[in-house]
Amino acid sequence: MSEVINYYNQFDEWGRLDREPIEFQVNWHYIKKYLPRTGSILDNGAGPGKYSVALAQEGYHMTLTDLTPKFVDMAKSKAKERNVEGQFDGFYLADARALSLFNSEQFDATLMLGPMYHIQQEEDRLKAIAELRRITKRDGLVFVAFMPRVRHILTSLLNPRSWKPNDNMGAIDAFSRSGCFNHSDEGRFTGAYYFEVEDIKPFMENNGFETINLIGSNVAAILNQESWNYWEGKGEEEVRKLIDLLIERAEDPHILGISSHLLYIGRRK
């Protein structure tokens, strides 16, 4: 996990969600669709707190955790800038696999929109999901982000020089079987785990959750810069229609594999 911390210490995650707004807007639509009107929510592995700050602005009582000290400090600053610091019960440095600082069934809903990307060992993934279940109230909602394996296979085939060691078919074939990826270029996205799409629902259901939905957060990842330039050149109204279409189609199971990120929505049994 030290490599993950080092990576995010030099990465602008808040800015990424600004630069790639589709992921945030699609997730936000579905989070708001399913959340109750009020409640106590944990943003677990929150990064710089973009989602939790937005939820605090909607009146929810928030608690935030992340593994990276830089992000915990940034989340505090963002909450203060937006005058919602009082909506937070705390900003904590914590590992998603060990959340002993929280009581069992403490939260009405829990977001975990980052940790599952980086937990490469199955034993540790099970620990993180067990902790997620423990701290969420019975019948409480969970929102868990995953990255699909097939999408990264396609990304590696499209841009092999950018995703070393997946610049040869032997490495891509090995990744296809393991789901584990460690970038060979120092400072690049590393320590990652990608799920097979068809394994996500059974994984969550076998660990104490009832599936409500699984959506593609960022199908727009297939668009290159030239494509974006075209649509943005059409004006704000046309871009808004594009985003609305992607939100509407996010539930289509046929396109989950081409989305760079997925959002699992479930209920704690």
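What you see is a predicted model, in which local features need pLDDT of at least 70 and side-chain atom pairs count only at pLDDT 80 or more, while totals for chains, interfaces and linings use all residues. Residues are numbered from 1 along each chain as its sequence is written, and side-chain values use heavy atoms, with hydrogens and water left out.

**Aromatic rings**

How many aromatic pairs does a search of the whole structure find? The search finds 12. Rings of Phe, Tyr and Trp (its six-membered ring) pair if their centres lie within 6.5 Å; planes under 30 degrees apart count as stacked, over 60 as edge-to-face and the rest as tilted. Phe88 and Phe91 form a stacked pair, 4.5 Å centre to centre with 25° between the planes. Elsewhere, ring pairs join Phe146, Tyr193, Phe195 and Phe203 into a cluster.

**The overall fold**

The chain has 11 helices and nine strands; helices (H or I, at least four residues) and strands (E, at least two) are DSSP runs, numbered from the N terminus. The radius of gyration is 18 Å, close to the 18 Å that the globule rule gives for 269 residues, so the chain is as compact as a globular protein of that length. Here the radius is taken over C-alpha atoms, and the rule is 2.2 Å times the number of residues to the power 0.38. Along the principal axes, the C-alpha atoms fill a box of roughly 45 × 45 × 35 Å.

Of the 269 residues in the chain, 52% are buried. Contact means heavy atoms within 4.5 Å; among contacts between residues at least 6 apart in sequence, 74% join residues at least 24 apart.

Helix H4 (residues 50-57) is mostly covered, with seven of its eight residues buried. The buried ones are Lys50, Tyr51, Ser52, Val53, Ala54, Leu55 and Ala56. Just after H4 comes Gly59, with a positive phi of about 100°.

Ser217 sits in the loop between strand E8 (209-216) and helix H10 (225-233). Leaving aside neighbours within four places in sequence, Ser217 is in contact with Ile22, Glu23, Val26 and Asn27, and also with Ser259, His261, Leu262 and Leu263.

| Residue | Relative accessible area | Class |
|---|---|---|
| Ser217 | 1% | buried |
| Pro202 | 34% | partly exposed |
| Val150 | 35% | partly exposed |
| Glu105 | 36% | partly exposed |
| Asn83 | 72% | exposed |

Two of these residues lie in helices: Val150 in H7 (residues 149-158) and Pro202 in H9 (residues 197-205). Val150 and Gly179 are 29 residues apart in sequence and 9.3 Å apart in space, C-alpha to C-alpha. Pro202 and Arg138 are 64 residues apart in sequence, with 19 Å between their C-alpha atoms.

**Backbone details to look up**

Most residues other than glycine have a negative phi, and most peptide bonds are trans. Asn83, in the loop between helix H5 (69-81) and strand E3 (88-93), has a positive phi near 60°. Glu105, in the loop between E3 and strand E4 (107-112), also has a positive phi, of about 50°.

Which peptide bond is cis, with omega near 10°? It is the bond from Lys164 to Pro165. Pro165 is found in the loop between H7 and helix H8 (169-178).

Methods. Buried < 20%, exposed > 50% of the residue type's maximum accessible area, 1.4 Å probe, protein only.
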